[in-house]
Amino acid sequence: MSAGAAKRLQAYAGLGARILGTRLGSTRPFKITLMLTDRCDCRCQGCLIWQRPKGSEMSPEAIGRVLAAAPSLRWVNLTGGEPFLRDDMVEVVRAVREALPQLAVVDFPTTGQRTEVILGAVERMTALGIPKLVVTCSLEGPPELHDSLRGREGAFERMVATYTGLRAMDGVDVYFGMTLSDANADQVEPALEALRRRIPGVGWGDVHFNVYTESGHYYDNLAGALGPPPALDAVLQRALREREGSWQPTDVIEAAYLRLLPEFLRTGRSPLPCKALRAGVFVGAQGDLFPCTVYGRRLGNVLETPLYELLDSAEAADARAVIKRDACPGCWSPCEANPTIVATAPESLTRRPRA
């Protein structure tokens with residue numbers, strides 16, 4: 001076994017240990033979703049972050065200090081807005097890597113509009129020794145629909161160029177990320193047909209699906225123009241066929257997410273006991289701490305008070321009790337669902353939707 005492979009295995013084992021800790025009752029999260037910016041280069045109908053007044057952004061040094069004070073973290077999701085509107089994106093990822101020596105996963109989405117900037121930055125990130133680096137290029141549908149929902153002409157072609165360049169790189173996993181809503185749930189196959197004409201071999205297994213979610217403090221879309229998708233039976237069955245039987249961790253988690261999605265669409269509640277504020281937390285662009293991307297209860301600011309101190313507060317304890325009672329807003333957003341799935345395995349991997 002090479003030294004690099006051994007380090008990756010050690011990092012994944014460390015993540016597994018932290019996941020087990022959550023199962024045993026730990027309130028030290030293994031995942032953080034960290035919003036880097038309110039800025040965006042698209043004008044999406046489903047996410048209205050771009051309309052929000054812009055505030056200060058945490059510097060790489062500040063991000064490093066916040067994360068170094070929370071050594072349980074093994075999985076860092078960096079989000080926006082559009083993360084690559086920050087010219088210091090590589091420095092941010094380097095600060096994350098240096099702050100968390102036992103880091104296992106870094107992942108982030110992109111609109112894919114700044115192709116050359118993104119490709120150059122990600123190429124530099126691959127040299128940082130991150131065991132698993134994942135980039136998701138946002139997909140809304142075939143070209144005309146994609147550009148319409150993204151509010152930017154030519155957005156589809158720029159996104160495809162970015163994906164194509166990332167796919168050719170060693171050391172990075174790249175996927176399309178499609179948020180299913182009432183505007184595009186019937187357009188998955190047309191979108192894939194358009195992609196295949198540009199990128200031979202692309203298929204259902206290259207797309208991570210999630211469902212339209214409302215959030216006041218994150219997406220700022222409580223008054224958005226879109227809504228949840230109608231029946232998704234055909235889409236889900238086709239997407240599941242690509243993943244059922246696979247032992248790849250991403251496929252296993254995605255299959256569990258998709259399998260339980262119909263129950264969420266029917267009930268509006270998480271199909272599993274949510275582990276927000278235990279397995280993971282959400283930090284906004286100005287450092288405000290929330291239980292997750294949907295439950296908009298501010299618990300303090302990580303630039304002013306260390307994360308663990310905030311998690312040990314009476315306010316956080318009460319928020320955890322609300323989540324445990326299933327009295328929070330409720331969601332099945334992958335930001336929260338995926339940590340919940342791994343933290344409740346193996347039960348989550350065999351659970352079927354309740355009638």
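**Close-up 1. Helices H4 and H6 packed side by side in the predicted model.** Here helix H4 (residues 115-125) meets helix H6 (residues 155-167), with axes that come within 9 Å and cross at roughly 20°. Angles under 35 degrees count as roughly parallel, so H4 is roughly parallel to H6. The handedness of this H4-H6 crossing is right-handed.

**Close-up 2. The residues where H4 touches H6.** On the H4 side, look for Thr115, Ile118, Leu119 and Val122. Their partners in H6 are Arg158, Ala161, Thr162, Gly165 and Leu166. Sorted by type, the residues of this H4-H6 contact come out as five nonpolar, three polar and one charged.

**Close-up 3. An open sheet of eight strands.** Reading across the sheet, the strand order is S6-S5-S4-S3-S2-S1-S7-S8, and the pairing is mixed. Strand S6 (207-211) and strand S8 (289-290) are the edges, each pairing on one side only.

**Close-up 4. Strands S3 and S4 running parallel.** Zooming in on this pair, strand S3 (residues 105-110) is joined to strand S4 (residues 132-139) by six bridges.

**Close-up 5. Thr22 and its neighbours.** Thr22 belongs to helix H1 (residues 3-23). Leaving out residues up to four places away in sequence, Thr22 touches Phe30, Arg278, Ala279 and Ala343.

Notes: Residues numbered from 1 in each chain as written. Predicted model: local features only at pLDDT ≥ 70, side-chain atom pairs only at ≥ 80, totals over all residues. Heavy atoms only, no water. Axes fitted to C-alpha atoms, helices over the stretch in contact; angles between N-to-C directions. Helix = DSSP H or I, 4+ residues; strand = E, 2+ residues; numbered from the N terminus. Parallel < 35°, antiparallel > 145°, perpendicular 65-115°, else oblique. Left-handed = near helix turned anticlockwise from the far one by under 90°. Contact = heavy atoms within 4.5 Å. Nonpolar A, V, L, I, M, F, W, Y, C, P; charged D, E, K, R; others polar. Pairing = 2+ DSSP bridges.
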